[in-house]
Every structure is written in C-alpha cells, then in structure tokens.
Amino acid sequence: MAMNHVRSVRGIIVSKEAIRVTCQRTYSAGKAKKGSKGSAASDAPKASILSKEVKSTTVVGANILKDGADPKILADSEYPDWLRHLIDKRPALSELRRKNIETLPYEDLKRFVKLDNRARIKENNSIKAKN
C-alpha cells in the first residue's frame, strides 16, 4: 500500500515538473545587432527614399490595392465643393446654448438636439451609477 502511494506521489511530482518545463517562457536568440548596445545611430530616423517631387504630386501611402498606385494630387478645382466643408469647425454645445434656438439654421439645430440628447443621457447615466 505504501509503495503504491510513493509511486503516485512520484508520478505527480514528475508531471508537475513537466508542466513547469513546458510553461516556462523562453526567448528567441535572434540576430545580434552590430555595434554597441543602444547606439544613437540605430535610434535616429532614416532619411526618406522618396524625392520631394513625388511627395508633392502624390498621396503617399493612400493606395489600398495590391497592384494599384498612389493617387495623384489634383488641382483644387477638380475636387467637389462639399469636400471643403468637411474641415469646417462646428459649434460646440455650450456655444449653441448661448444662441437663440429660433434663429439657428437647420444644420445647427440638428447638431444642438443631438449634442443636448447626448449630454442628458450621460447625465442620467452618471446619476444612475451613483445610486
């Protein structure tokens, strides 16, 4: 009986060691870097291989197709009018609250309702979270 107990304990110890060996984190050797460790030359940004002419005439990195090319930058007249309005600053909620709601343009009124609803939802959620 005691012999069976010793065998089972030995089996548990061996299996734990095997698990410990397989679960240990290992690091790859990798290639050794030439030069000194942490040299400033390796940390410095590399010079761009693209010429200034290519950078000014194409949108570098905008190509999403495997066989495609980067799109060319067109003249301002070639782009639609609505594209310019995408970068316009839109008024914040505090600014819209200061204005008279009856005189707001439709787009600003829509934005006011959207931002006001969002603010009320956040306020209600914070009140519910405190309770």
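Is Gly61 buried or exposed, and what is its relative accessible area? In this predicted model, in which residues are numbered from 1 along each chain as its sequence is written, local features require a pLDDT of at least 70 and side-chain atom pairs count only at pLDDT 80 or more, while totals for chains, interfaces and linings use all residues. Side-chain values rest on heavy atoms, with hydrogens and water left out. Gly61 is exposed, its relative accessible area being 63%, where exposed denotes over 50% relative accessible area, buried under 20% and partly exposed the range in between (1.4 Å probe, protein chains only). Gly61 lies in the loop between helix 3 (52–57) and helix 4, and its C-alpha is 9.0 Å in space from that of Pro71, a residue ten positions apart from Gly61 in sequence.

The chain contains five helices and zero strands, and from the N terminus on its elements run α-α-α-α-α; helices (H or I, at least four residues) and strands (E, at least two) are DSSP runs, numbered from the N terminus. Of the 131 residues of the chain, 8% count as buried. Among the contacts in the chain with a separation of 6 or more, residues 24 or more positions apart account for 5%, a contact being defined by heavy atoms within 4.5 Å.

Helix 5 has 25 residues and spans 36 Å from its first C-alpha to its last, close to the 36 Å expected at 1.5 Å a residue, the expected span being 1.5 Å times one less than the number of residues. Arg111, Phe112, Leu115 and Asp116 are buried in helix 5, and the buried residues of this helix pack against helix 4.

The largest nonpolar core is made up of five residues, namely Leu93, Leu96, Leu104, Phe112 and Leu115, and helix 4 (93–98) and helix 5 (106–130) are the elements that give two or more residues to this core. Such a core is a set of buried Ala, Val, Leu, Ile, Met, Phe, Trp, Tyr and Cys residues joined through side-chain atoms within 4.5 Å. When residues up to four places away in sequence are not counted, Leu93 touches Phe112, Leu115, Asp116 and Ala119. Asp116, placed in helix 5, counts as buried because its relative accessible area is 19%; with residues up to four places away in sequence again not counted, Asp116 touches Leu93 and Arg97.

A further feature concerns the lining of a pocket. Asp88, Lys89, Arg90, Pro91, Glu107, Asp108, Lys110, Arg111 and Lys114 line the largest pocket, and these lining residues divide into one nonpolar, no polar and eight charged, with Ala, Val, Leu, Ile, Met, Phe, Trp, Tyr, Cys and Pro taken as nonpolar, Asp, Glu, Lys and Arg as charged, and the others, Gly among them, as polar. On a 1 Å grid over the protein atoms alone, a pocket is an open set of points with protein on both sides within 12 Å along at least five of seven lines, where a 1.4 Å probe fits, and lining residues have an atom within 4 Å of a point. Glu107, located in helix 5, counts as exposed because its relative accessibility is 53%, and Glu107 and Arg90, 17 residues apart in sequence, are 9.9 Å apart in space, C-alpha to C-alpha.
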